[in-house]
Every structure is written in structure tokens, then in C-alpha cells.
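Please read it alongside the sequence and the model.

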Amino acid sequence: MTTTTYATRTAAGALAALLLLAGCSSKAKDDDSGKQAAGGIKTGEGISGKTITLGALTDMTGVYATLGKSVTQAQQLYVKQLNAAGGVCGYQVALTVRDHGYDPQKAVSGYTELEPKVLGFAQFIGSPFVAAVKQRVDGGDKGLVLPQAWSASLLGSPYIRVIGSTYDIETINAVDFLIQEKGIKKGDKIGHVYFEGDYGESALAGSKHMAKEAGLTVVEQKIKPTDNDMTAQVAALKQAGVKAIVLSAGPRQAASLVGVAAAGGFDVPVIGNNSAFAPQLLATQAGPALMKNYYVASPSLPIGADTPEAKKLVADYRAAYPKDALDNGIVAGWTAASAFGEALKKACKNKDLTREGVDRALLTINDFDLGFGPVQDFTDPKSASSRESVILQPDKSVTGGMRVVREAAASDAAKTYSP
Amino acid sequence: MSEALARPLKVLGTRTYLWTAATVLLLVLPFYLDRFWLQAGLFAMAAALGAIGINLLTGATGQLSMGHAFFLAVGAYGYCVFAADGPGGLTGLGLPTWLAAVLAVLVAGIAGGLFSPISGRLSGAYLGIATLALVFIGQHVMFNAHDLTGGANGRDVPPLNLFGLTFDDRELLVAAVPFGSAEKLWYAGLLALVAGALFARGVLRGRPGRAMNAIRDHRIAAGVIGVPVARYRAAVFVLSSMYAGLAGVLLALVFQRTVPDYFGITLSLEYLAMIVIGGLGSVSGAVAGAVFVSLLPQLLTRYSDALPLVSAPGTGGIAPGEASRYLYGAAVVLVVLFLPGGLARVTARRRTRTLTEER
Amino acid sequence: MSTFAEILLNGVSLGSVYALIALGFVVIFRATEVVNFAHASLLLAGGYVTASLHDDLGFWPALLVGIAGAALVGAAVEFLVMRRYRGSDHSVLAIVTIGVDILLTTDLTRRIGTDVLTLGDPWGDAVLTLGPISLAHTRIAAFVAAALLITAFLLVFRYTSWGVAMRAAAESAETAALMGVRLGRVSLGAWAVAGGLAAVAALFLTVFPTPGLERATSLAALKAFPAAILGGLDSTTGALVGGLLVGVTESLATGYQSDLTFLGRGLGDLAPYLVMIAILLVRPAGLFGTKELARV
């Protein structure tokens with residue numbers, strides 16, 4: 001027993017000593033807010049020496065590996081080119097990438113690890129995870145976060161900025177395309193196959209809104225990301241007598257759904273959201289059917305678009321990553337990185353490279369145009385930066401496997417829509 | 001053992017010093033570590049609580065459960081429902097947060113009890129896969145019961161409030177070190193873990209523990225020698241669920257938001273891996289395994305630039321996420337084959353220098 | 001009525017794929033009383049070998065090599081891991097297979113990367129149309145293959161010495177060993193056969209109507225768990241019936257989704273588990289499983 005009391009006393013003593021020492025901890029608060037660097041530029045977190053560090057929380061080993069790889073490599077390419085051209089304000093830009101493998105614990109840990117070191121996040125895949133750190137971003141961190149998720153529920157924060165049209169608006173434009181070009185009219189039924197979760201439900205809100213506007217009926221089919229065989233869904237939709245199908249799921253589901261419908265002689269147009277296609281599919285059995293009946297609504301022109309900017313990106317990307325597929329994830333990553341770069345340049349002009357400075361700088365950009373279709377307007381955090389969608393069709397002969405069938409446009413319903 | 005008995009004072013002395021040092025170290029860590037490491041530590045503490053629970057069930061009583069993630073979810077969401085005061089139209093009872101935490105743990109226990117018609121009938125692989133159903137049912141509810149769970153994007157977790165101290169991000173200066181939520185929760189988590197570990201140790205070392213081991217080793221024989229098998233099995237299932245519930249509450253508080261994606265099969269499997277790696281049937285094993293499994297990916301990701309073979313994402317080579325999966329897959333296999341008894345046994349062996357086969 | 005018939009037929013055809021996977025669980029469980037959670041990775045291994053060879057070898061030889069390859073992987077797992085375990089707790093062995101699964105799956109998904117691999121099967125996307133109902137050729141092939149293989153296994157278990165040895169081993173390993181049954185060989189054989197079956201299942205899991213083999217393919221094996229359990233983990237007939245039951249349930253829950261909205265949409269994945277729970281409440285060893293005999 002004496003040992004125990006002795007131990008307790010030792011412990012108490014040691015604790016007291018250490019508590020005193022804690023005062024000398026490196027964590028102890030000191031005033032260092034608002035450093036003034038040379039040239040009168042205000043800097044803060046994420047800048048040390050002559051380097052601006054940006055974060056990227058991606059998924060390269062989980063369910064969104066295909067998207068994550070393209071987005072990340074495109075962003076690394078952008079950063080390389082930006083630095084080669086002299087960087088921003090004389091600062092070099094570095095991109096720190098953390099792969100969370102679509103695991104919430106790793107995603108939140110990645111944010112916690114990088115947050116003190118970076119100016120903001122050029123990439124954050126997984127809208128549930130963005131939602132998980134939203135309180136912290138809005139509450140005190142205030143770093144700019146550009147999520148690679150086009151969910152309407154992420155709108156509203158001045159720091160978390162979705163680039164391009166959100167899924168609901170995109171779906172409205174997709175249904176508008178079916179009405180304008182594919183002969184869907186008042187009284188018709190359309191099917192909507194969608195993923196459980198934020199993406200699918202956001203898209204469903206769009207199709208329901210459009211159905212109400214145009215007098216259509218939506219036949220819902222909710223699926224899980226692990227469902228790869230769409231036979232039962234097609235059978236149900238066929239029986240319901242739908243005239244067209246909207247698909248808010250992944251590439252595999254698109255291949256299965258379009259393939260099954262075509263093979264069964266169920267010849268209706270199918271249109272998917274931008275996440276529902278991958279060029280790898282064109283080499284599979286579903287390839288021909290996809291090229292015939294499938295369309296994709298996208299917030300930007302495809303990677304294989306006929307613009308000088310797109311051609312340059314394709315050439316540069318091919319040179320940097322000769323083995324990897326060209327898909328629209330590259331455009332998404334490139335656009336986000338460029339938007340961040342643009343905000344940095346503007347913040348540099350304002351001589352304020354703090355987090356707030358960059359956030360404010362982005363809020364003043366209303367005509368961001370990279371040559372990939374829709375012009376982005378970032379002045380209103382409550383609304384998507386664009387309400388336009390481009391309608392694409394799979395085509396094996398084109399780079400990236402997609403060609404444009406309808407140029408960037410916002411339907412009337414999309415213009416007036418508010419979630 | 002004889003060697004240890006010969007010099008009891010010396011052994012006790014070194015052990016006490018070790019424990020004291022460890023305690024002091026754990027108590028002062030929040031003053032030095034940054035939020036990332038504290039959060040990683042908190043994840044490990046929550047995992048340790050959950051692992052203790054499943055070790056009581058699977059390790060000590062021999063009931064394979066793959067549904068642990070479900071009970072974690074019950075705890076996490078239960079806390080939110082009890083504690084929140086209904087922001088954004090979500091159900092919330094607005095109870096004091098400490099009460100909400102207690103109730104959430106109880107509800108997890110009740111959920112475990114409700115499953116007893118199944119868990120009482122089945123054992124072995126059948127029970128394992130039947131509990132897997134819970135994970136699917138749980139995720140379905142989490143995604144669809146929007147009012148209760150907030151759907152796919154989850155719901156905010158109200159910060160814990162104890163004796164007027166709120167465990168949120170408002171900075172509190174302690175000895176010139178700013179205390180945010182991670183620093184404050186560290187102590188709450190430590191307290192919960194110590195209490196949970198001591199209680200479980202009491203259960204395992206006492207009469208119930210021997211009865212549980214008897215059930216694991218031979219159910220019928222245990223019944224014959226007078227162990228009320230059915231009652232014990234149901235009780236352990238409830239107790240294990242309550243540990244999971246407590247782990248869920250702690251996790252929710254650390255995450256500050258509950259999302260359904262987290263509570264999937266992978267999580268259930270991770271808990272099984274933890275107890276196998278750490279050592280089946282012991283509290284220290286559960287803690288060791290939990291620390292190993294939850295810190296490994298964090299370490300590899302954090303130091304991916306400095307490690308050989310592991311490379312940062314996007315540069316080719318093995319990504320840190322993959323490397324940690326390789327390592328912990330291999331750890332499960334190797335520990336079972338070459339280290340029966342797990343990590344906990346290694347330290348125990350060093351201490352007593354004799355290894356008595358328990359089974 | 002034709003809707004119901006179509007949904008039912010779809011369910012049966014999907015169910016035959018699950019039955020093939022479930023059969024893999026059954027073979028190993030019969031021989032060793034271990035649930036093999038690594039089955040998903042064996043599936044991926046077989047599919048991957050077939051997919052990467054069909055261009056050079058043609059489909060049938062590639063499939064054979066794929067079956068042999070997966071059988072080899074299965075045998076290797078048994079020889080290198082399962083055999084080395086000296087304890088007697090089957091739950092621990094089950095957890096070991098989880099470890100093996102993590103290792104193999106991580107490695108295979110790394111190889112597959114972001115690709116979608118086709119297996120070059122001869123059926124393509126052809127469908128058989130019977131009035132209003134259409135049925136993919138691949139699924140008919142799956143049904144035939146499942147029926148043939150399951151019949152074959154019924155016969156093998158009953159009449160060959162390996163089958164008898166396996167039954168003896170399952171009855172009581174000790175007695176069987178004393179009677180001269182080489183337990184190692186029985187279990188090695190079971191793992192190899194399960195690997196081969198996994199390769200066949202992988203084929204039907206990745207051909208039309210699914211786009212091809214990719215990293216998430218192994219998740220489909222999860223759906224075969226309720227199939228194996230509700231049929232009875234040690235019953236070949238159970239694997240078939242369980243597989244069909246799960247396929248039909250899933251298909252019905254999806255097809256009549258609109259009538260089941262009160263349970264929340266997207267019930268397809270969940271329904272098999274609910275059916276499984278219901279059956280286990282009445283028959284704890286599954287529909288065709290042997291009740292556990294107690295020997296004190």
C-alpha cells in the first residue's frame with residue numbers, strides 16, 4: 001500500500017511539474033497573426049518562406065478512385081505549370097495530397113492534419129466528409145475549400161465553394177434536353193435511377209422540380225453503389241412505361257442500365273449526370289449501346305472539346321501521364337485548381353494572401369472562363385457558380401470518349417430554380 | 001510465475017513506476033501534441049472502448065459478431081437525437097448532454113438485448129453473418145430515416161457539456177495553451193477508457209469472466225456445471241453493445257458530425273482485426289489492438305514522404321492507404337499463426353517470463 | 001402477370017450466380033467448418049487471371065487458366081495460412097480469412113486500378129426473348145452452370161472417397177483422422193475447389209448485364225453470405241435454394257420498390273438479409289443445414 005501512496009504522490013508531483021513546463025510548450029499561444037511579408041503583402045496560415053501550400057483531400061484507393069486520380073493529377077499539373085510561370089506574387093505553390101480512400105475517419109483526420117499547414121483545399125472528394133468539417137470551416141478555420149462534389153446541400157458557405165452547376169440544376173437541364181430534343185412531353189413518365197445518398201437525392205430534387213414544371217411523372221428507382229446489375233430496375237421501369245430514363249449513379253450502373261435496356265429492345269434515351277460515365281466503359285460490351293442511347297449532362301465541356309484550351313490540356317496531360325485515361329475528372333480538377341489559382345492571383349493584387357483575403361478575392365470573380373464552356377460567377381455563395389450544363393454523348397472516336405451534342409446552356413427552369 | 005513471486009516488491013515497484021509514467025504522459029500530452037495527433041489518439045481511445053466490448057463478446061465468450069458497427073451507430077446517433085434541440089427540422093429531445101450520453105449507451109444496450117432472439121439461438125459463423133445483417137439494416141435506416149439521422153450527410157453532434165464546461169472549439173487557456181475540443185475531449189475520453197477498461201477487467205477476472213470462458217470453450221459443458229448459458233450470452237451481448245454505444249458517443253463527439261458511411265462493414269471487420277491482433281479475451285489486448293489498427297494508417301499517411309516503398313498519392317508506387325491495409329491484413333494473419341495471444345501476450349511474456357497456456 | 005414473371009425469372013437467373021458463390025462457402029465449411037471470408041478475393045483473383053489472358057489465349061483456355069489460378073491461390077491460402085493454425089477456435093480462423101481477404105483484395109485492386117476489364121465471353125449481350133420477357137444468355141448459362149456444378153457436387157460428396165472423407169472430417173475430425181482420413185489433403189482439396197468455383201462465379205458476376213471486372217466486383221460476394229447461411233452452411237442443396245431465394249427476393253424488392261416505399265427505397269440489398277433473419281429465427285441452422293450435434 002505504501003508503494004501506491006508513494007506512487008500517487010510522485011504522480012501528483014510530476015504532474016504539477018509538467019503542468020508548469022507546459023507553459024513552455026510550443027503550443028502555447030503567442031501573437032503572430034497578420035505577418036507582413038516583403039512587398040507589403042499580408043500573409044497568414046499556409047504560407048511559410050516563399051511557398052504557398054494548398055491541400056487536396058482525395059480518394060485514390062476507394063470508391064471514387066477513378067475520379068480522384070484524374071482530379072489530383074490534373075491539379076498537380078496545374079501547380080507545376082503555375083510554378084514554371086513564376087508562381088503567385090513570387091511565391092511557389094505546393095500541393096499536399098492526402099488520400100482518404102473514402103473513409104470518413106481518414107478524411108476528417110486528413111483535414112485536421114493539413115488544416116493548420118495549408119491556405120485552403122483545392123480538392124475535397126466526398127460530400128459527407130465536407131459536411132463533416134463544415135462547422136469547423138465556417139466556425140474558425142475559414143480556409144477556402146473547393147469540393148469535388150456537386151451537391152446543392154454544400155452551397156451557402158462563403159468558404160466552401162462548389163464549382164459549376166450542382167446536381168439538381170444539372171438534372172433539370174438534363175430533363176430539359178429530353179423535352180427539347182427527345183420528344184418527351186406533358187403527361188409522359190420518366191424513370192429516375194439514383195444512388196442512395198447526397199448525390200442521388202440532390203439530383204432527384206432536380207428531376208422532381210422539372211417534372212412539376214413540365215407536367216411529367218417521375219418513376220423512382222433508388223439503388224446502392226454496390227448494385228452493378230440493373231436488370232430489375234430496367235424491368236420495373238419498362239413496366240411502368242417510362243419514355244426516358246435519368247441516371248444519377250456511377251459509370252458501372254450506366255453501362256449495365258443502358259446495355260440491358262438496349263438488349264431487351266427497350267429503346268429509350270438515357271441521360272446521366274456527369275459522374276455517370278467513364279471512357280473505360282466504351283471498351284466493354286455496353287460500348288455500342290452507350291454510343292447510341294446514352295447522354296451525359298456535364299458542368300463543363302468534355303476533355304476532348306474542340307477548343308484551344310482543351311487541346312493544350314490534353315497534350316500537357318498526355319505528356320505528364322502517358323499511361324492514364326483522359327476523362328472529365330481532369331477538367332474538374334483543372335478547373336478547381338485554376339479557380340484557386342485565380343483567387344490567389346487576385347488576392348495577391350489586393351496585397352492580402354491571408355485565408356480571408358483569398359476567400360474575399362474569389363467572391364469578386366464573376367467571369368471565370370477557362371475555355372471549357374460555362375462561365376463561372378463566384379459572387380454569390382448561396383447559388384451555384386453556373387446554371388449551365390453541356391449535353392454530351394459517348395463517342396469512341398473522340399479523345400476522352402465524349403462529344404458535345406448541345407452547347408452550354410441553362411434551361412428556363414434551371415435559371416429560376418432555387419433549392 | 002515463480003520468478004515473479006520471488007521478488008514481488010521489485011516487480012510491483014517497476015510496474016508502478018511504469019504506470020505512473022504512462023499516466024503522467026497521457027495527462028500532459030494535450031499540452032504538446034497538435035490537434036491531428038490528439039484526434040488520432042481520441043479515435044484510438046474510442047476504438048479501444050469498442051474493442052473491449054467486442055472482446056468480451058467474441059474473445060472471451062466466443063460469439064462472433066460482425067455487427068459491432070451497428071451498435072456504434074446506435075450510440076453515435078442516439079446521442080445526437082437525445083442531446084440536440086432539433087436544428088434544421090431533425091428530431092432532437094434537447095436533454096442535458098451528459099444524460100444524452102448515458103441514454104445513448106443504454107439504448108445501444110437495449111438494441112443488443114432486442115437482438116437476443118437471434119443471438120441466443122445462433123453461434124459461430126451463423127451468428128457472425130446474422131449480425132452482419134444488422135450493419136445493412138443500420139445503414140439503410142441511417143440513409144433513409146431522414147428526420148432522425150439527417151440522411152447521407154449526417155447530422156451535427158452537439159458538444160458535450162459537463163459541470164459548465166463545454167467540450168467545443170471555443171478556446172480555453174490552460175497554462176497558456178489554448179484548449180479546443182480535442183484537448184478537452186482527450187480527458188473525457190481517457191476517463192471513459194479507464195473506467196471502461198477497469199470495469200471490463202473486473203468482469204473478466206471475476207466469476208462472470210470464468211463463466212464466459214467456459215461458455216466459449218465448451219458451451220454444453222458450461223451448462224452442465226451450472227453456468228446459466230443463455231442468460232450469460234444475452235448479458236454479454238448487451239454489455240458489449242453498451243461498450244460499442246459508448247465508443248459511438250465518443251466518436252461522434254470527436255467527429256462533431258455523424259455520417260452513415262462510417263458505420264459500414266469495414267468498421268466491423270476492423271474491430272475483429274483489432275482484437276485478434278491485440279489478443280483475444282483480454283482488456284489490454286483490445287486496447288493494444290485498437291491503438292495499432294487505428295494509428296497505423298494515420299502514421300503511414302502522415303509520414304508517407306519519409307518511408308521507403310510507400311509513396312505519396314499520385315506518384316505511383318504503393319499509396320499509404322494501401323500500405324496500411326497490407327500491413328494490417330498481414331498482422332492479422334501473422335499474429336494468429338505466430339503470436340497466439342496477440343500483442344498483449346508479448347508484453348505479458350516479457351513480464352513474467354513464463355507462458356502458461358490459457359487454453 | 002408478365003411483370004411478375006419477368007421479375008421472378010430475373011431473380012432466378014441472378015440467384016444462380018449467388019448460388020455459385022454460396023457453393024464455394026459450403027465446400028470449405030463442410031471440410032473445415034470455417035467460414036471463408038476470403039472468398040471475395042478468390043473471386044477477384046479468378047476473374048483477374050481470366051480477364052488478363054483472354055486476349056492472348058481466347059476465352060475458354062483463359063477461363064480454364066483462371067479456374068486453375070484461383071484454385072492455386074485457394075490451395076496456397078490453405079497451405080500457407082490455415083494449416084499453420086494450431087488452435088481449435090473456428091471463429092479465429094474465420095477472422096484470419098478476413099486478414100487474408102484484406103491482403104489479396106488490396107493487391108488485386110491495386111493491379112486492376114481504375115480499369116474495367118472484360119472477360120471476353122462468347123455470349124455478349126445477346127438476350128432470349130420469350131414474349132414480353134427477355135433473359136440474357138449469360139444468365140441462362142449461369143443457371144445451367146450452377147445446376148450442373150451443384151449436381152456434380154452432390155454426387156461427389158455422396159460417392160467419391162474425397163467426398164466421404166470430407167463428410168467424415170466434418171462429422172468429427174479426430175475420428176476421421178484415426179480412421180485414416182488425411183485431413184490436410186481434404187482441406188487442401190476443399191480450398192482448391194472453392195477457388196475454382198470462385199473463378200466460375202467471377203465470370204458470371206462480371207459478364208453482361210454488369211460492365212466487367214473492376215475493383216468493386218468483390219463486394220458482390222457479400223450478397224452470397226445470406227444465401228449460404230439461409231440454405232445451411234453445410235448443404236449443397238442449401239446453396240442452390242439459398243442463392244435462388246436471395247436472387248428472387250432482391251429482384252422482387254427492387255421491382256416492387258414503388259409499393260414498398262414505407263420501408264424506405266432501395267430495399268434490394270437489404271431484403272435478402274431480412275429474409276435470412278426470418279428464416280434463422282425458425283431454423284437456426286438454415287433451411288437444409290444439419291443441426292449442431294452436442295457431444296460432451
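## Interface of chains B and C

Between chain B and chain C, 38 residues of chain B are in contact with 33 residues of chain C (contact: C-beta atoms, placed from the backbone, within 7 Å). The model is predicted: local features need pLDDT of at least 70, side-chain atom pairs count only at pLDDT 80 or more, and totals for chains, interfaces and linings use all residues. Residues are numbered from 1 along each chain as its sequence is written, while chains are lettered from A and ligands numbered from 1 in the order in which they are written.

On the side of chain B that touches chain C, the elements giving two or more residues are helix 6 (116-121), helix 7 (124-144), helix 11 (219-224), helix 13 (265-278) and helix 15 (320-338) of chain B. Helices (H or I, at least four residues) and strands (E, at least two) are DSSP runs, numbered from the N terminus. Helix 7 of chain B gives the most to this side, with 12 residues. By residue class, the side of chain B that touches chain C has 28 nonpolar, 7 polar and 3 charged residues. Here Ala, Val, Leu, Ile, Met, Phe, Trp, Tyr, Cys and Pro count as nonpolar, Asp, Glu, Lys and Arg as charged, and the others, Gly among them, as polar.

## Sheet of chain A

Chain A has an open sheet of 7 strands in the order 9-8-10-11-12-14-15, with mixed pairing; two strands pair if DSSP finds at least two bridges between them. Strand 9 and strand 15 (402-409) of chain A are at the edges, each with a single partner strand, so one side of each has no neighbour in the sheet. From one strand to the next the twist averages 20 degrees (axes are lines fitted to C-alpha atoms, for helices over the stretch in contact, and angles run from 0 to 180 degrees between N-to-C directions).

Strand 12 (residues 294-298) and strand 14 (residues 389-394) of chain A run antiparallel and are joined by 3 bridges. Ser298(A) has Val390(A) in strand 14 of chain A as its bridge partner.

A residue is buried if 20 or more other C-beta atoms, placed from the backbone, lie within 10 Å of its own. Strand 8 pairs with strand 9 (residues 217-223) of chain A in the parallel sense over 7 bridges, and Lys189(A) is opposite Thr217(A) in strand 9. The chain passes from strand 8 through helix 6 (residues 198-214) to strand 9 of chain A in a right-handed β-α-β crossover (clockwise from the first strand over the helix to the second, with the strands pointing away from the viewer).

Strand 8 also pairs in the parallel sense with strand 10 (residues 244-248) of chain A, over 5 bridges. Gly191(A) has Ile245(A) as its bridge partner in strand 10, and Ile245(A) also stands opposite Val270(A) in strand 11 of chain A. In strand 10 of chain A, 5 of its 5 residues are buried: Ala244(A), Val246(A) and Ser248(A) point one way, Ile245(A) and Leu247(A) the other.

How values were computed. A residue is buried if 20 or more other C-beta atoms lie within 10 Å of its own, exposed if 12 or fewer, and partly exposed in between; C-beta atoms are placed from the backbone. Two residues are in contact if their C-beta atoms, placed from the backbone, lie within 7 Å.
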